[in-house]
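Thanks for coming, everyone. Let's take a quick walk through one structure. Please look at the picture first.

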Amino acid sequence: MKFRTVRRHFRESFKTLGRNGWMTFASVAAVTVTLLLVGVFVSIMLNLNKVADDLEKDVEMKVYVELAADEPATRELENLIRETPGVAEVVYSTREQELDKMVKDFGEDLKLYEQSNPLREAFYVKATEPQQIASVAKKIDEFPNTYEVVYGQGKVEKLFNFLNLGRNVGLVLILALLFTAMFLIANTIRITIVARKTEIGIMKLVGATNSFVRIPFVLEGIWLGILGSLIPMIAITFGYLEFYDYAEPRLRGEMIQILHPLPFLYIVNGLVLFMGIFIGSWGSFMSVRKFLKV
Amino acid sequence: MIEMKDVYKKYSNGVVAANGLNVKIDKGEFVYVVGPSGAGKSTFIKMMYREEKPTSGDILINETSLPKLKNRQVPLLRRQIGVVFQDFKLLPKLTVFENVAFALEVIEEPVESIRPRVTEVLDLVGLKQKARMLPTELSGGEQQRVSIARSIVNRPKVVIADEPTGNLDPETSWGIMNVLEEINQRGTTVVMATHNKDIVNRNRHRVIAIEGGLIVRDEVGGGYGYEI
């Protein structure tokens with residue numbers, strides 16, 4: 001294609017944006033609303049993912065040692081646990097340390113137990129794959145000198161299931177939103193195209209190629225997509241910065257952290273812009289196709 | 001130049017608009033296509049610039065078979081054919097000059113050759129003075145002349161006119177005929193579907209009469225032959 005033609009297509013696509021005034025506004029508004037929703041959803045999803053990862057990483061099991069086990073037996077159990085496939089980390093905790101934790105959690109009253117400590121020694125074990133925690137726990141449970149393995153049986157699985165469900169639902173919602181946006185844009189552009197049916201017909205009759213007719217419309221769709229993604233990008237950027245400033249100090253020291261604005265905002269805004277361009281160009285590509293069969 | 005071989009066309013609603021057409025039109029000819037409404041004139045015309053495809057049979061334009069033509073090759077065919085319509089089909093927001101230049105822009109002619117060429121054809125159809133006007137500021141006859149200018153601006157070998165005088169009064173129609181005759185004099189083949197008895201009877205040329213999808217008469221220098 002000649003450079004002059006490319007220039008013509010650009011000029012033409014800008015001209016029609018202005019000429020279609022209200023239709024342009026309607027399309028941009030449709031894209032804006034959808035992308036805003038998509039952007040917010042994606043932000044929530046990514047943070048949910050992060051939280052889920054944090055939670056998963058934090059899931060550990062506690063292995064209580066038999067009271068009868070002496071020092072060498074406890075060392076032996078520790079080695080057995082370390083050698084179990086799927087175990088990432090093992091931390092030993094004495095009876096005294098266990099009591100200190102209890103005191104910290106439940107209050108000074110428990111200090112009375114310092115005289116005769118009823119607690120057991122314990123190992124805190126993390127699995128390499130949080131999803132495998134159940135099978136690892138089962139193996140450890142069978143070792144001699146293991147009194148009990150505790151990891152919130154049932155609850156962890158439920159949490160994982162819930163998080164997975166959340167991710168899938170979010171994904172489906174995002175896809176549905178994108179589909180709606182595409183449909184809206186395709187329809188809006190179709191209306192502007194119907195108004196220019198004669199023009200397209202004449203272009204075809206005097207021998208314009210399909211791509212020559214199509215390119216200005218596709219460009220127009222791209223501009224609509226870019227214009228429509230501006231407000232969502234600005235809103236998401238400022239909104240997330242506000243949210244981060246609010247939430248981050250409150251979560252400091254907790255296991256759960258939300259994503260730092262960088263590179264998070266680059267990713268989300270890039271995604272929003274890309275989707276704007278994609279739905280805009282694809283929408284007009286599809287709607288102009290029908291009118292090319294002259 | 002143009003040749004139809006056993007052309008048969010049946011629309012999806014069951015109407016048979018061409019029932020075995022065989023015709024040959026040579027370079028430089030002027031041909032009227034006449035016949036009552038619904039006889040298949042428009043289909044005959046539309047198949048020549050491939051707005052319609054025949055159900056069976058072959059249509060050749062300059063040795064190119066239209067039914068076998070791929071969709072993406074159609075634009076190249078159309079550049080060899082100028083089409084004029086009863087309702088002019090001008091773009092209302094463009095000036096006379098721009099309407100004509102449009103036909104050259106879409107086939108990516110160099111800018112420097114567009115201006116002189118458009119001026120030349122506007123001069124030929126007698127509208128050089130009105131180049132900056134909008135179609136709505138012109139009379140019907142003038143609009144049709146713009147449409148003819150647009151159809152010939154890229155020097156097609158054939159001009160196909162579908163009832164070019166259908167919307168015009170007799171006086172204006174003669175103006176249009178003069179332009180078409182002039183184009184034909186310069187060597188362009190002209191195929192014109194018409195209902196205008198006076199024109200066919202006065203400017204004698206070859207007449208192809210179509211009825212019920214069949215050519216019932218093909219006569220050089222014949223008259224209109226129908227009483228309306």
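Start with α6(B). It has 16 residues, which at 1.5 Å a residue should span 22 Å, and its end C-alpha atoms are 22 Å apart, so the two agree. The expected span here is 1.5 Å times one less than the number of residues. Helices (H or I, at least four residues) and strands (E, at least two) are DSSP runs, numbered from the N terminus.

Now a word on the source. This is a predicted model, where local features need pLDDT of at least 70, side-chain atom pairs count only at pLDDT 80 or more, and totals for chains, interfaces and linings use all residues. Residues are numbered from 1 along each chain as its sequence is written, while chains are lettered from A and ligands numbered from 1 in the order in which they are written.

Back to the helix. Which residues of α6(B) are buried? They are B:Ser173, B:Ile176, B:Val179, B:Leu180 and B:Ile183. Buried means 20 or more other C-beta atoms within 10 Å of a residue's own; exposed means 12 or fewer, partly exposed is in between, and C-beta atoms are placed from the backbone. Down the axis of α6(B), the buried residues fall within an arc of 120 degrees, so they line one face. That arc is taken from the directions from the helix axis to the C-beta atoms. Turned away from the buried side are the exposed B:Pro170, B:Glu171 and B:Gln185. The cover over the buried residues includes α5 (140–152), β7, β8 and α7 (197–202) of chain B. After α6(B) comes B:Gly187, with a positive phi near 105 degrees.

Next, the sheet. In chain B, six strands form an open sheet in the order β6-β7-β8-β3-β9-β10, with mixed pairing. Strands pair if DSSP finds at least two bridges between them. β6 (81–84) and β10 (214–219) of chain B are at the edges, each with a single partner strand, so one side of each has no neighbour in the sheet. Look at one pair: β6(B) and β7 (158–162) of chain B run parallel, joined by four bridges. There, B:Val83 has B:Ile160 in β7(B) as its bridge partner. Helix α6 (170–185) of chain B packs on this sheet, touching β3 (30–34), β7 and β8 (189–193).

Last, the chains. How many residues of chain B are in contact with chain A? 15 of them, against 16 residues of chain A. Contact means C-beta atoms, placed from the backbone, within 7 Å.

Technical notes
Two residues are in contact if their C-beta atoms, placed from the backbone, lie within 7 Å. Axes are lines fitted to C-alpha atoms, for helices over the stretch in contact, and angles run from 0 to 180 degrees between N-to-C directions.
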